[in-house]
Amino acid sequence: MKQIDVCLTPDLLHLHQVENTIVVVADVFRATSCMVTAFAHGVNTIVPVATIDECRDWQERGYLAAAERNARRVDGFELDNSPFTYMNEQIRGANVAMTTTNGTLAITRSRQAVKVLVGSFLNLEAIVRCLKTERYDVMVLCAGWKGRVNLEDTLFAGALVERLKDSYAMAEDSAIMAWRLYEQGKENLPAYLANSSHIKRLQRLGIQKDITYCLQHDLYDVVPVLRGNALVAMEF
Ligand code: MLT
C-alpha cells in the first residue's frame with residue numbers, strides 16, 4: 001500500500017523522504033490558498049521564490065510580483081498575499097513571481113520530489129482525486145511559521161490523511177497526529193483555531209476575512225503543480 005507522511009515544518013524536512021515522493025505543500029494562511037485562488041481566477045504561471053531579491057529580478061523581467069513578509073506586502077511590489085487580490089481580471093493570463101515568509105520557501109525546498117503540488121482546504125478534493133491516480137508515496141509538507149509548527153497546516157495535513165486513508169497507510173505518528181487533530185476540530189475549524197498564532201497575527205493586522213475564506217473546503221477544482229521553476233495548473 002502507498003504511504004502518506006506528514007512533515008510538520010520545513011525545518012524537519014531532512015528527516016523525511018522527498019525523493020520518489022509526491023510532496024503536497026500547504027500554507028493555509030495564506031500562501032497556498034492564495035495560489036489556488038489565483039489559478040482558479042485564470043493566472044497563467046506563478047514562480048515561487050525564496051527571497052525578495054529573486055522576486056525583484058522576475059519583476060524586472062516583466063512579471064507581476066507579489067512579496068510578503070510577516071503577513072504584510074513588501075514596498076515596491078504590486079501584489080500581496082491575500083486571495084482576494086487575485087480575484088480580478090488583471091490576473092487572467094498573467095505570469096506572477098511570488099515570495100512569502102514560509103509558503104514559497106517550503107515549495108522551493110521540495111524540488112527533489114517526483115512532483116510538487118500546492119494544497120489548501122480550497123482545493124482539497126482536487127488534490128485527493130489527483131493523488132488517487134498516482135503510484136508514489138505522498139508527503140504533506142506543512143509550511144509552518146519560521147521553522148515552527150502551526151495548527152492550520154497540520155489540520156490540512158489531517159484532512160488529506162482522512163480523505164486518503166483507504167488508499168494510503170499512515171507512515172508514522174505525525175500523520176496519525178494530524179489526522180486526530182483534524183477529527184477533533186473539523187466540525188468547527190474557525191473555533192478550533194481561535195487562539196492559534198497566525199490567526200492572532202492576521203487579526204492584529206485586520207485580516208479577518210482571509211481567515212474565514214481560507215478555511216472553506218473544496219471551493220476550486222484546480223491543482224497547481226511545479227513544472228521547472230514555475231507553478232502551472234495541472235490538466236486533468
Ligand atoms: C506565509 O507564507 O508565511 C504566509 O502566507 C504569511 C501570510 O499570511 O501572509
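Student: How far does a polar side-chain atom of His-198 lie from an oxygen atom of the ligand?

Tutor: This is a predicted model: local features need pLDDT of at least 70, side-chain atom pairs count only at pLDDT 80 or more, and totals for chains, interfaces and linings use all residues. Residues are numbered from 1 along each chain as its sequence is written, and side-chain values use heavy atoms, leaving out hydrogens and water. A polar contact here is a pair of N or O atoms within 3.5 Å. For His-198 and the ligand oxygen, the distance is 2.8 Å.

Student: What share of the ligand's exposed area does the protein bury?

Tutor: Areas come from the Shrake-Rupley method with a 1.4 Å probe. Taken alone, the ligand exposes 270 Å². The protein buries 100%.

Student: Which residue has a polar side-chain atom 2.5 Å from an oxygen atom of the ligand?

Tutor: Asn-102 has a side-chain N or O atom at 2.6 Å from a ligand oxygen. The 2.5 Å distance belongs to Asn-81.

Student: How many residues of the shell around the ligand are charged?

Tutor: The ligand is surrounded by 14 residues, each with a heavy atom within 4 Å of it. Asp, Glu, Lys and Arg count as charged. The shell holds five nonpolar residues, six polar ones, and charged ones numbering three.

Conventions: A polar contact is a pair of N or O atoms within 3.5 Å; within protein, one must be able to donate a hydrogen and the other to accept it, and residues adjacent in sequence count only if both atoms are side-chain atoms.
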